[in-house]
Amino acid sequence: MPERARAMRTAAPALVAAGLLLTACGTTPEPDDRAAGAAPRKTTAPAPAAEAAATLGGSGSACALPVSFALAEGWEPKAVKDPENPEFAALTRQGPAVVRCEVDAKPTGNIGYLRVWTAPKGPARAALEGFVRAEKGSSAVAFRETRAGALPATEVTYSVRDKEERAFAVATPGGTVIVHLGGLDTDEHRAMLPAYELAKSTTRAG
């Protein structure tokens, strides 16, 4: 047998072994989702925008507030009774703020709420920082300056024991107002974001 042919036959098993080794090390191309029978990768679609069904905070609404904003359909507002009572301070106070109104999301199929708090007159950011700092277990805090309707606002996204939370605050002549979105867990929180965004985008003083 010619020397060249003998050398190629001798090298063949080594080349095959090397190919198998490369395959085991992850050089095999990833499967294409477009291949026949492959299931498409799932993506999470954003929740649709909420439509306004009522106004909270204005004359004749369920809660008297220094601001007003639109409520999404199905959300039920209720004024908090006697929030200044010191006996209930553990439930009605958080940092510099006192809760004035709770808007329940349960009629929409979500477990959560929008709560409206008021604090003394002053910078919105300072009130919001004190509000978040007073919540036990809060972490991963991210503040940003934004707008609520036409009003300058400060917004925060944070975690409470691995559950996502967010709130925005505006300063008004009647004091600082904090609108907080809470929920059973992060999934519920994110499902309710359209109602929160509706409230933020329609906020106005008085």
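**Exercise 1. The largest core**

Which residues of the largest nonpolar core touch the most other members?

*Before we start.* This is a predicted model, where local features need pLDDT of at least 70 and side-chain atom pairs count only at pLDDT 80 or more, while totals for chains, interfaces and linings use all residues. Residues are numbered from 1 along each chain as its sequence is written, and side-chain values use heavy atoms, with hydrogens and water left out.

*Step 1.* Start with the term: a nonpolar core is a set of buried Ala, Val, Leu, Ile, Met, Phe, Trp, Tyr and Cys residues joined through side-chain atoms within 4.5 Å. Buried means under 20% relative accessible area, exposed means over 50%, and partly exposed lies in between (1.4 Å probe, protein chains only).

*Step 2.* The largest core has 28 residues, and those touching the most other members are Leu-56, Phe-69, Trp-75, Leu-114, Val-116 and Val-170.

*Step 3.* Now see where the core comes from. At least two residues each are supplied by E2, E5, strand E6 (112–119), strand E8 (151–160), strand E9 (163–172), strand E10 (175–183) and helix H5 (193–201). Helices (H or I, at least four residues) and strands (E, at least two) are DSSP runs, numbered from the N terminus.

*Step 4.* There is also a second, separate core of 15 residues, with Ala-97, Ala-119, Phe-131 and Ile-178 among them. In soluble globular proteins, nonpolar side chains tend to be buried together.

**Exercise 2. The surroundings of two residues**

*Step 1.* Move to Leu-181, which sits in strand E10 and is buried, at a relative accessible area of 0%.

*Step 2.* Compare sequence and space: Leu-181 and Val-116 are 65 residues apart in sequence, and their C-alpha atoms are 9.1 Å apart.

**Exercise 3. The disulfide**

*Step 1.* A disulfide is a pair of cysteine sulfur atoms within 2.5 Å. Searching the whole structure gives one: Cys-63 joined to Cys-101, S to S 2.0 Å.

*Step 2.* The link of Cys-63 and Cys-101 is right-handed, with 65 degrees about the S-S bond.

*Step 3.* Cys-63 is buried at 1% relative accessibility, and Cys-101 is buried at 0%.

**Exercise 4. Salt bridges**

How many salt bridges does a search of the whole structure find?

*Step 1.* A salt bridge is a side-chain nitrogen of Lys or Arg within 4 Å of a carboxyl oxygen of Asp or Glu. The search finds twelve.

*Step 2.* One of them pairs Arg-100 with Glu-84 (2.6 Å, N to O). Arg-100 is in strand E5 and Glu-84 in the loop between strand E3 (76–79) and helix H2 (89–92), 16 residues apart. Both ends are partly exposed: Arg-100 at 26% and Glu-84 at 41%.

*Step 3.* Another pairs Glu-155 with Lys-200 (3.0 Å, N to O). Glu-155 lies in strand E8 and Lys-200 in helix H5, so this pair ties together parts 45 residues apart in sequence. Glu-155 and Lys-200 are both buried.

*Step 4.* Finally, a network of salt bridges links Arg-144, Glu-155, Glu-197 and Lys-200.
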